[in-house]
Amino acid sequence: MSFYLQWQQQDWDALALTINSKTEADVVQALAKPKRDWQDFLALVSPAAESHVEGLAGRSMQLTRQRFGNNVGLYVPLYLSNLCANECDYCGFSMSNRIKRHTLDETELERELQAIKAMGFDNILLVTGEHETKVGMDYFRRMLPRVKSHFTYLQMEVQPLDTAEYQELKTLGLDAVMVYQETYHSRTYAQHHLRGNKTDFRYRLETPDRLGQAGIDKIGIGALLGLASWRVEAAMVALHLDYLQRTYWRSRYSVSFPRLRPCTGGLEPVSPVGERQLVQLIAALRLFAPEVDLSLSTRESAHFRDNVFPLGITTASAASSTRPGGYAERSDDLEQFSIDDDRTPQAVADALVTKGLQPVWKDWEPVYSGIVAENEVATLPKK
Ligand code: SF4
C-alpha cells in the first residue's frame with residue numbers, strides 16, 4: 001500500500017477539466033465552509049477563484065494566526081555537495097553541465113557550520129545533488145552527527161533513500177526530509193529526468209511513504225511549479241498530503257512552492273505561475289490543510305516574500321547560498337539556481353517583525369497569539 005495506487009487512479013486530463021469547470025458558486029461555497037475537502041480545494045485553485053484571491057488570502061491569514069500564532073520559522077540550506085548522477089534539464093547541477101564539482105570534507109563542513117551558527121540559525125537543511133556512491137549513506141553517517149552537535153533541528157533534501165536508511169539517519173539526528181516530486185505528470189517527468197536513478201518516477205513518489213514508515217518527524221512535499229499545469233500539480237500535492245496525513249498521522253508535514261527558475265540550461269516554464277496565482281495557491285493550501293507548514297524559499301523576491309509571509313507562510317529560508325562552501329567563502333560560481341532574496345538573515349528577520357510576525361530561529365512550538373491586521377491583504381500583487 002502506497003500513494004502510488006491512489007495516483008494511478010487519477011486521470012490528469014480529467015482532473016484538469018474538473019478544475020476548469022469549477023464555478024464561482026463552488027468557490028463561494030468552499031470559502032464559507034469551516035473545513036474543506038479535496039473538491040473544495042479544486043475550486044479554490046481553479047480559474048474561477050482568481051477573482052476571490054483577496055478573500056482567500058484573508059481567510060488564510062486568519063487560520064494561520066489561529067494555528068501558528070505570529071511565528072515564522074527561519075532555516076538555512078547548507079549545500080554539502082553539487083555532485084549529481086542525474087540529468088534533470090531544469091537544474092544547474094545536472095551531470096552533463098560542465099561546472100566545478102565539490103563535496104565538503106569534515107574541515108570545510110566545520111567552517112560552514114561555524115559561519116551559519118554565527119548568523120543565528122538553529123534549524124538547518126542539508127542539501128546535496130544525488131550521487132549515492134560519493135555522497136551516500138557513508139558520507140551521511142560521517143557528517144550528520146557533526147551537524148547535529150551544532151543544530152537542534154536537522155532537515156535533509158538529498159536523494160530518496162530506503163526506509164531502513166531513513167531509520168538509521170534518524171538515530172543520527174535526522175528530524176525532517178524534503179522530497180519534491182517535481183511533477184506528478186509521469187510523461188512530463190520522463191521528459192525532464194533523462195538519466196540516473198531519478199528517472200524512477202514510482203520510487204520517488206513513494207519516498208514520503210518510506211519516510212512515514214521510518215517515523216521521520218516532518219515530511220516536506222511539493223512540485224516544481226511550471227513543468228506542467230500548476231493547477232493540476234497543486235491538486236496532486238493536496239491529494240498526496242491528505243493521503244499522508246491520514247496514513248502516517250504521527251509525522252508533521254510541510255509544503256513548498258518552488259517556481260521554475262532560470263538556471264544553466266535555461267528551461268522556460270510551460271505553465272507559468274504569476275505572483276497573484278502563487279498567492280491563490282498558498283492560500284488555498286492553507287484553507288485545505290490549516291495545520292501544515294507552508295514554506296517559501298529565497299527563489300522568490302524580497303518584495304514578494306515580505307508581502308506573502310503574513311498570508312499563510314510558516315517557514316522560510318534565509319541567506320541561502322546554493323554553492324557548497326558558500327557561507328564561509330562567498331562567490332557566485334557552482335550555483336544550482338539563482339536566488340532572488342539575497343538579504344542577510346537579520347534583514348529578513350527585521351522584515352518579518354515589520355509585518356507583525358515573530359522570527360523563530362529553530363523549528364518551533366506553535367504559540368497562539370494575536371492576528372496580523374486584515375489590511376495586509378491590500379498589499380497583494382494585482383497580476
Ligand atoms: S534536481 Fe537534483 S537530482 Fe536533478 S540534477 Fe539537480 S541536484 Fe541532481
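Trainee: Is Ile99 buried, exposed or in between, and how do you know that?
Mentor: The model is a predicted one, and in it Ile99 has 14 other C-beta atoms within 10 Å. A residue is buried at 20 or more and exposed at 12 or fewer, so Ile99 counts as partly exposed.

Trainee: Where does Ile99 sit?
Mentor: Ile99 is in the loop between β2 and α6. Its C-alpha atom is separated by 12 Å from that of Ser81, 18 residues apart along the chain.

Trainee: What makes Asp89 buried, exposed or partly exposed?
Mentor: Asp89 has 15 other C-beta atoms within 10 Å. Buried would need 20 or more and exposed 12 or fewer, so Asp89 is partly exposed. Asp89 is placed in the loop between β2 (87-88) and α6 (106-118).

Trainee: Why is Ala289 called partly exposed?
Mentor: Ala289 has 19 C-beta neighbours inside 10 Å. The label buried needs 20 or more, so Ala289 stays in the class of partly exposed residues. Ala289 belongs to the loop between α13 and β9. From Ala289 to Lys362, C-alpha to C-alpha, the separation is 22 Å in space and 73 residues in sequence.

Trainee: How do you know whether Val147 is buried or exposed?
Mentor: There are 23 C-beta neighbours inside 10 Å of Val147. The cut-off for buried is 20 or more, so Val147 is buried. Val147 lies in helix α7, residues 137-148.

Trainee: Which residues does Val147 touch, leaving out those up to four places away in sequence?
Mentor: Val147 touches Leu113, Ile124, Leu126 and Leu154. Trp230, in contrast, is 36 Å from Val147 in space, C-alpha to C-alpha, and 83 residues away in sequence.

Trainee: What is noted about the backbone of Glu182?
Mentor: Glu182 has a positive phi of about 70°, although it is not a glycine. Glu182 is found in the loop between β5 (176-178) and α9 (186-192).

Trainee: Is Glu182 buried or exposed, and how do you know?
Mentor: Glu182 has 25 other C-beta atoms within 10 Å. The cut-off for buried is 20 or more, so Glu182 is buried.

Trainee: Now the helices. What describes a packed pair?
Mentor: Two values do: the angle between the axes and the distance between them.

Trainee: How are α13 and α14 oriented to each other, and why?
Mentor: Helix α13 (residues 275-288) packs with α14 at an angle of about 20°, and the axes are 10 Å apart. Angles under 35 degrees count as roughly parallel, so α13 and α14 are roughly parallel to each other. Their crossing is right-handed.

Trainee: Which residues meet there?
Mentor: From α13 they are Glu275, Val279, Ile282, Ala283 and Arg286, and from α14 Phe304, Val308, Leu311 and Gly312. By class, this contact of α13 with α14 has 6 nonpolar, 1 polar and 2 charged residues.

Trainee: Why is α2 called roughly perpendicular to α12?
Mentor: Helix α2 (residues 12-21) and helix α12 (residues 230-247) pack at about 100°, their axes 9 Å apart. Angles of 65 to 115 degrees count as roughly perpendicular, so the label holds for α2 and α12. Trp12, Leu15, Ala16 and Ile19 of α2 make the contact with Arg231, Val232 and Ala235 of α12. The contact of α2 with α12 has 6 nonpolar, no polar and 1 charged residues.

Trainee: What does α14 meet in α5?
Mentor: Pro310, Leu311 and Gly312 in α14 meet Ala57, Ser60, Met61 and Thr64 in α5. The residues of this contact of α5 with α14 are 4 nonpolar, 3 polar and no charged.

Trainee: Which residues of α14 are buried, and what covers them?
Mentor: The buried residues of α14 are Arg305, Asn307, Val308, Phe309, Pro310, Leu311 and Gly312. Their cover includes α5, β1 (71-81), α13, β9 (293-296), β10 (315-317) and α15 (345-354).

Trainee: Last, which residues surround the ligand?
Mentor: They are Cys84, Asn86, Cys88, Cys91, Phe93, Ser94, Gly129, Glu130 and Lys198. This shell around the ligand divides into 4 nonpolar, 3 polar and 2 charged residues.

Definitions and conventions: Residues numbered from 1 in each chain as written. Predicted model: local features only at pLDDT ≥ 70, side-chain atom pairs only at ≥ 80, totals over all residues. Contact = placed C-beta atoms within 7 Å. Helix = DSSP H or I, 4+ residues; strand = E, 2+ residues; numbered from the N terminus. Nonpolar A, V, L, I, M, F, W, Y, C, P; charged D, E, K, R; others polar. Near = placed C-beta within 6 Å. Axes fitted to C-alpha atoms, helices over the stretch in contact; angles between N-to-C directions. Parallel < 35°, antiparallel > 145°, perpendicular 65-115°, else oblique. Left-handed = near helix turned anticlockwise from the far one by under 90°.
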